[in-house]
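Here is a short briefing on a pocket and a helix pair. Start with the pocket, then turn to the packing.

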Amino acid sequence: MTTEPEVALKIADAQIAWVCQHPGTSGWLKATLREALAGDPVAIANDVELLHHLLQARATAWVRHQLDQAQATPRAHWPDRNPGSTA
């Protein structure tokens, strides 16, 4: 008889396999997931949590920097979104 944790593990493994087979998944993520399957899932989940916090902070800072740069650029230097328009 299959227990609930065994079913949950099979579902998680199937989801990881699906992501690894998806053509839109980056090579970095595929390799990371495959390597993660061989390690301690709890330790890896902890590493992923730390990675998330670090990269989320970096992404937020990068977006804010880009917004600051865009606001600092005079509108006359922005590319025309409608090249054929006269407005």
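The lining of the largest pocket is made up of 14 nonpolar, two polar and three charged residues. The model is predicted. About 540 Å³ of space lies in this pocket.

**Pocket lining**
- In total, 19 residues line the largest pocket.
- Nearest its centre lie T32, L33, A36, I44 and V48.
- Three helices, α1, α2 and α3 (41-72), each give at least two residues to the lining.

**Packing of α1 and α2**
- Helix α1 covers residues 4-21, and helix α2 covers residues 27-37.
- Their axes come within 9 Å and cross at roughly 150°.
- Angles over 145 degrees count as roughly antiparallel, and α1 and α2 are therefore roughly antiparallel to each other.
- The α1 and α2 crossing is left-handed.

**Residues in the helix contact**
- From α1, the contact uses D13, I16, V19 and C20.
- From α2, the contact uses L29, K30, L33, R34 and L37.
- By class, the contact of α1 with α2 has six nonpolar, no polar and three charged residues.
- L33 takes part in this contact and is also among the residues nearest the centre of the largest pocket.

Terms used: Residues are numbered from 1 along each chain as its sequence is written. This is a predicted model: local features need pLDDT of at least 70, side-chain atom pairs count only at pLDDT 80 or more; totals for chains, interfaces and linings use all residues. Side-chain values use heavy atoms; hydrogens and water are left out. Axes are lines fitted to C-alpha atoms, for helices over the stretch in contact, and angles run from 0 to 180 degrees between N-to-C directions. Helices (H or I, at least four residues) and strands (E, at least two) are DSSP runs, numbered from the N terminus. Angles under 35 degrees count as roughly parallel, over 145 as roughly antiparallel, 65 to 115 as roughly perpendicular and the rest as oblique. A crossing is left-handed if the near helix is turned anticlockwise from the far one by less than a right angle, and right-handed if clockwise. Contact means heavy atoms within 4.5 Å. Ala, Val, Leu, Ile, Met, Phe, Trp, Tyr, Cys and Pro count as nonpolar, Asp, Glu, Lys and Arg as charged, and the others, Gly among them, as polar. On a 1 Å grid over the protein atoms alone, a cavity is a set of points where a 1.4 Å probe fits but cannot get out, and a pocket is an open set with protein on both sides within 12 Å along at least five of seven lines; lining residues have an atom within 4 Å of a point. Grid points are joined across faces, edges and corners, and a volume is the space filled by probe spheres set on the points.
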